[in-house]
Amino acid sequence: MNNWSIILSIAKTHLLTKAKQTFIAALGVTFGIGSYITLVCFMTGLNTMLDNLMLNQTPHIHIYNEIEPSKVQPIALYEEFSQSLNVVRSIRPKLTQKKIHNAFPIIKYLNHHEQVRRALPQVKSQIFYMAGSIDIGGTLIGVNPLEEAEFFNMADYIVAGSADALNQTENGVLLGIGIAEKMALKVGDRVQVSPVNGSVFSLKIVGLYQSGIADLDAVQSFTTLKTVQRVLGEPNNYITDINVKLYDIEKAIPLAQHIEKEFQLKAIDIKTANAQFETGTTIRNLITYAVSITLLIVAGFGIYNILNMLIYEKMNDIAILKATGFSGRDVQLIFISQAMIIGLVGGVLGLLIGWGLTTLIDHVPFNTEALPTISTYPINQDPLYFIIGFLFAMFSTFLAGYFPALKAKHIDPIKIIRGQ
Amino acid sequence: MDIVLEAKHIDKYFRKPVDFHVLKAISFQIKKGEFVSIMGKSGCGKSTLLYILSTMDTDYEGQLYLNGQLVPKQNQEHLAYLRNKHIGFVFQFHYLLSEFTVLENVMLPAKKLGEFTLPQIELNALEKLKMLNIEHLANKKASQVSGGEKQRVAIARALINNPTLILGDEPTGNLDSHNAQNVFNIFKTLCTEQGLSLLIVTHDEDFAKKTDRIIEMEDGIIRS
Ligand SMILES: Nc1ncnc2c1ncn2[C@@H]1O[C@H](COP(=O)(O)OP(=O)(O)O)[C@@H](O)[C@H]1O
Ligand SMILES: [Mg+2]
């Protein structure tokens with residue numbers, strides 16, 4: 001007969017005769033694991049949602065022409081002063097155009113770059129939305145609607161109408177939802193816009209756009225490249241911004257530096273632009289793990305206590321087992337098995353409860369202005385968290401059982417037999 | 001005749017609470033099929049000696065031979081095996097696992113030894129219970145049988161692995177005279193019919209007189 005089967009059968013008998021305590025100890029584990037899974041799935045779901053809110057719309061690299069003071073002043077070219085200390089006060093930026101020179105060759109170059117998923121041109125322009133006698137300042141962005149939808153999830157943020165409609169309508173516009181509300185406009189209406197230089201254009205509203213960031217939605221609208229170029233009276237190679245999406249976001253920093261050097265343009269990578277954002281994610285993760293580990297440790301102490309108590313109650317049994325030929329190691333294994341059985345039962349229940357709770361949360365409606373793509377609470381039911389939770393349950397119950405079991409191993413049967 | 005157990009110059013000290021020489025140069029032999037009793041005043045060291053002989057206590061000086069083999073003082077696993085295989089121990093108090101049935105209690109040492117299959121072990125255990133006239137208790141919880149019955153269950157458990165030696169520390173000390181007589185008869189039968197060796201500590205003069213040999217102890221030495 002196998003040694004393990006006796007050890008397990010003794011462990012089982014001990015646990016069954018103490019069914020209530022066993023159940024409570026297992027519940028501790030269940031509670032720990034269940035809340036760990038619920039917390040982690042919810043928190044990471046939330047993180048992913050917030051990340052996506054940012055990342056989906058934000059290009060990995062944003063290329064534009066920055067208006068800034070020239071780094072080299074004309075005096076530096078003057079040979080005679082090259083040995084002297086030149087002080088130039090009140091430097092003003094030179095009037096440069098916002099236009100990216102040779103934008104299309106650059107886009108073509110980037111689209112052939114192996115790290116680049118897609119580079120898309122945009123034209124950003126300051127305009128006024130005109131309603132009766134008032135003008136509202138805003139931004140009109142010319143884009144390639146279909147490609148924006150494909151690579152920058154534009155469609156997720158179009159709450160009425162579609163990217164396709166924008167693409168097909170001459171002089172169409174996707175109006176920011178904030179502007180639409182302010183001006184009481186709806187899909188199908190026309191809106192007057194005027195660029196800074198004066199002329200007035202009438203655009204047809206083919207849809208409404210809601211980025212989730214209220215400040216943006218109150219000023220920004222989208223139209224096609226062609227339309228905005230016509231509004232501005234610029235030729236069709238007039239491009240002010242290039243948005244780049246990469247295959248691997250980690251490559252953003254070196255590539256941005258490379259672009260700045262190569263084309264003498266400003267290239268901002270997403271990491272630099274959103275440094276504080278990542279800190280938020282890290283801290284949320286930290287809190288999640290701190291809370292979960294605390295819960296599991298509390299559960300571990302519960303098991304530790306109950307096993308300690310059990311060992312005191314079972315002193316006689318331990319002495320008898322040792323006197324009849326069970327070794328200290330056998331006795332140790334009996335008590336460790338008890339801990340592991342508690343951990344196993346509690347852990348499996350915890351997984352079920354975690355799964356149930358997360359599924360429940362996943363179906364609770366969650367509607368918010370800021371997040372047009374979300375209709376229920378975000379949950380990330382990654383199997384990895386279930387595996388981690390279960391392994392942690394087994395590990396902590398092992399630890400909780402190990403020390404009481406070690407004590408049982410070293411109990412001297414003679415002391416107990418004499419003590420009777 | 002084969003010698004089952006031999007103690008050679010066994011000395012034992014207790015260090016706490018004060019230095020105390022409990023066993024002084026204890027030497028004796030037990031032959032196969034011999035029924036020996038130990039008598040002596042309370043506190044003279046009988047139990048202490050028995051614990052050493054049972055291999056549970058290894059903190060002594062001198063040598064102990066079991067079936068001609070020196071019993072090592074280290075290697076707890078091996079000592080546990082020796083206890084399991086060769087020695088059956090019967091205590092004054094009825095040490096049974098109270099949550100297990102009588103049958104399970106008897107089977108446990110055999111399961112640990114692992115020399116037979118489970119059905120065979122169960123058969124053997126039932127046979128021992130029958131021999132001791134308690135087979136009707138097989139499926140009762142150990143906590144639910146009477147004192148005399150418990151002692152017989154403990155004897156059945158001590159016998160399950162067919163040991164060469166049975167050690168008893170006042171096994172009848174807690175029984176009425178009828179039950180004590182009963183236990184003695186069982187021991188006697190085991191000795192004569194199965195050639196088992198027994199070493200039993202007792203205070204009962206009548207019990208001791210009926211055994212093959214009496215070892216008299218006094219203050220840690222053997223008087224005769
Ligand atoms: N663990 C111990 N520490 C110190 N002294 C002990 C210990 N165990 C027993 N003794 C002492 O050893 C002596 C012998 O005890 P024991 O072998 O139980 O005697 P017996 O069984 O003959 O009555 C007694 O005086 C007892 O008080
Ligand atoms: Mg005694």
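I began with pairing: two strands pair if DSSP finds at least two bridges between them. Strands (E, at least two residues) and helices (H or I, at least four) are DSSP runs, numbered from the N terminus.

**Basis.** I note that this is a predicted model, in which local features need pLDDT of at least 70 and side-chain atom pairs count only at pLDDT 80 or more, while totals for chains, interfaces and linings use all residues. Residues are numbered from 1 along each chain as its sequence is written, chains are lettered from A and ligands numbered from 1 in the order in which they are written, and side-chain values use heavy atoms, with hydrogens and water left out.

**Sheet of chain B.** I looked up B:Gly88 and found its bridge partner in E7(B) to be B:Ile166. E6(B) and strand E7 (residues 165–169) of chain B run parallel and are joined by four bridges. Both belong to an open sheet of six strands with mixed pairing, in the order E6-E7-E8-E3-E9-E10 (chain B).

Axes are lines fitted to C-alpha atoms, for helices over the stretch in contact, and angles run from 0 to 180 degrees between N-to-C directions. Helix H6 (residues 177–194) of chain B lies across E3 (35–40), E7 and E8 (197–201) of chain B, at about 140° to E3(B).

**Helix pair in chain B.** I asked how the axes of H3 (residues 102–113) and H4 (residues 118–131) of chain B cross: they come within 9 Å, at roughly 125°. H3(B) and H4(B) are therefore oblique to each other; angles under 35 degrees count as roughly parallel, over 145 as roughly antiparallel, 65 to 115 as roughly perpendicular and the rest as oblique. Among the residues that meet are B:Val102 and B:Leu103 in H3(B), and B:Leu118 and B:Ile121 in H4(B).

Residues 286–312 of chain A are 100% helix and 0% strand, with end C-alpha atoms 39 Å apart. Residues 333–357 of chain A are also 100% helix and 0% strand, their end C-alpha atoms lying 35 Å apart.

Note on methods:
Contact = heavy atoms within 4.5 Å.
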